[in-house]
Amino acid sequence: MLRRFLSLILILTLCCVELPAALCSRMGALAEVAEDVPVAEDAEAESESSFRTLQRGDRDGDDSADIVALQNRLIELGYLRDAADGVYGANTQDAVSALQRSNDLEETGVATPELQALLYSDAELVSASNSMDSESVTFRVQDKLAVWGFLADEPDGVAGSNTSEAVAEFKTYLRGYLRLHPTPSPEPDVTPAPAERTGYADAAIAVDVPIDPEKEDKITQDILDFVDGKYEFDVYRETVANGDTGDEVMRVQRRLHQLNYLALVDGVYGDTTERALLYFQKKNGLSQTAVADEATQRLLFSESAAESEEYVNQYKIVVDVSDQRVYVYQWNGSDYGTCIGEMICSTGMRGASTETPLGTYQAAGPTGTGEWYWFKDYSCYAKWATRIIGGILFHSVIYSKGKVLNKTSVQKLGRPASHGCIRLKVEHAKWIYENCTPGTTVVVQK
């Protein structure tokens with residue numbers, strides 16, 4: 001009896017010693033967070049290994065990059081032929097569906113917590129390259145439509161929404177030519193029947209090649225007749241240059257994107273498109289006119305067009321989390337060899353949910369909110385917010401709800417201190433806001 005009593009006293013004594021230490025550790029961690037911006041009360045309770053269900057229509061919020069991480073993994077496996085942008089759109093849904101289909105999983109297009117756990121585990125997954133059939137009808141069509149400027153993605157053999165849109169646009173494009181150049185009826189006994197070929201310069205599409213209106217976005221025989229060479233498709237229609245808009249600009253931009261010269265396809269031939277085309281002409285031995293004339297387009301829309309090493313923009317921004325600096329490089333016509341500026345910064349705090357995600361991104365550009373940006377999750381402001389990817393932004397140091405400067409965030413510049421975003425001095429955040437146009441390459445590295 002005495003021995004049992006002494007054992008109980010010993011257990012209680014040990015608990016009393018360990019409990020305050022645990023509480024002190026807990027309070028110390030909370031105090032470190034408290035001197036920065038507020039966090040949700042239940043943030044500590046959430047497991048670092050937990051995932052939320054992601055589906056079409058979702059997007060990363062302020063300082064979060066769940067969808068970016070998913071997209072980067074899908075890109076790594078070859079299922080997503082697009083940039084990680086933090087938005088769960090049609091391309092991401094198609095990629096998830098293809099992943100599920102190739103790995104004998106229920107095909108829903110939804111990234112459940114279980115699917116994400118599998119994606120980030122050491123499990124062996126079937127990659128898109130292992131399931132791709134380069135001889136398939138879908139792959140053949142994708143390959144030609146990419147070369148001809150109707151599809152910006154790399155061919156992958158997966159008939160997703162982008163492929164359907166490209167097929168529909170190609171059919172519309174062909175019908176538009178027929179309306180402008182109706183095939184004349186041959187005169188019997190005088191003139192032989194016209195040859196069955198397409199050439200925008202000299203002949204229309206043969207009358208016995210109808211463009212199927214009932215299956216607008218489907219791969220039908222009329223499309224395969226062009227893809228497989230039964231009928232010729234003349235790739236040149238009209239010259240385009242800076243200031244132009246429309247279908248021909250879109251074709252030029254898509255092909256430049258597919259060849260890694262241009263990040264953003266928007267149908268507007270502006271300075272960024274001109275800069276990309278100039279480099280295309282330089283790489284391919286053409287006169288550097290910045291005009292997409294016939295000679296340029298015939299090479300651009302061919303299999304022999306040379307690719308670029310990286311996208312061409314006015315600037316390239318490199319964030320180094322090791323030394324907590326942002327470096328700005330300027331395009332000089334051949335590469336980003338000139339560093340024109342260095343900025344001190346604070347990247348994400350060390351931890352699974354707060355680290356700034358490493359990788360190469362094409363920035364979404366200024367948020368459009370102007371000087372002030374409100375973080376509703378943390379009840380604070382920052383100035384001059386520029387979106388890199390998803391909820392990861394460049395922005396200034398932090399201001400309170402009353403727009404009073406948080407001096408702690410200033411003192412922490414040069415150290416990891418944010419929840420994922422990149423904090424800068426106000427003047428540096430403003431410079432990026434004004435100069436980091438959509439599509440600018442941002443590299444986050446160690």
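View A. About 190 Å³ of space lies in the largest cavity. A cavity here is a set of points, on a 1 Å grid over the protein atoms alone, where a 1.4 Å probe fits but cannot get out. Its volume is the space filled by probe spheres set on the points, with grid points joined across faces, edges and corners. This is a predicted model, in which local features need pLDDT of at least 70 and side-chain atom pairs count only at pLDDT 80 or more, while totals for chains, interfaces and linings use all residues. Residues are numbered from 1 along each chain as its sequence is written, and side-chain values use heavy atoms, leaving out hydrogens and water. The lining of the largest cavity has 17 residues, with Arg81, Asn91, Asp153, Asp156 and Asn162 nearest its centre; lining residues have an atom within 4 Å of a point. By class, that lining splits into five nonpolar, six polar and six charged residues. Nonpolar covers Ala, Val, Leu, Ile, Met, Phe, Trp, Tyr, Cys and Pro, charged covers Asp, Glu, Lys and Arg, and the others, Gly among them, are polar. Helix 3 (90–102) and helix 7 (161–180) each put at least two residues into the lining; helices are DSSP runs of H or I with at least four residues, strands are runs of E with at least two, and both are numbered from the N terminus.

**View B. The second largest pocket.** This one holds about 1,200 Å³ of space. A pocket is an open set with protein on both sides within 12 Å along at least five of seven lines. Of its 43 lining residues, Asp82, Ala83, Asp153, His257 and Ala263 lie nearest the centre. Helix 7, helix 9, strand 4 (359–362) and strand 8 (386–389) each supply at least two lining residues. The class count is 18 nonpolar, 12 polar and 13 charged.

**View C. The largest nonpolar core.** It has 39 residues, and Leu145, Trp148, Phe170, Phe233, Leu256 and Phe280 touch the most other members. Helix 7 gives the most to this core, at five residues. To be in a nonpolar core, buried Ala, Val, Leu, Ile, Met, Phe, Trp, Tyr and Cys residues must be joined through side-chain atoms within 4.5 Å. Buried means under 20% relative accessible area, exposed over 50%, and partly exposed in between (1.4 Å probe, protein chains only).

**View D. An aromatic cluster and two arginines over rings.** Trp148, Phe150, Phe170, Tyr173, Phe226, Tyr231 and Phe233 make up one aromatic cluster. Rings of Phe, Tyr and Trp (its six-membered ring) pair if their centres lie within 6.5 Å; planes under 30 degrees apart are stacked, over 60 edge-to-face, and the rest tilted. Arg237 lies over the face of Tyr173, 4.8 Å from the ring centre. Elsewhere, the charged end of Arg251 sits over the ring of Phe301, 4.2 Å from its centre. The rule asks for NZ of Lys or CZ of Arg within 6 Å of the ring centre and within 35 degrees of the ring normal.

**View E. Two aromatic pairs.** The whole structure has 20 aromatic pairs. Tyr373 and Phe375 have ring centres 5.0 Å apart and planes at 65 degrees, so they count as edge-to-face. Tyr373 is buried at 9% relative accessibility, and Phe375 is buried at 1%. Trp374 and Tyr381 form a tilted pair, 4.8 Å centre to centre with 55 degrees between the planes. Trp374 is partly exposed at 33%, whereas Tyr381 is buried at 18%.
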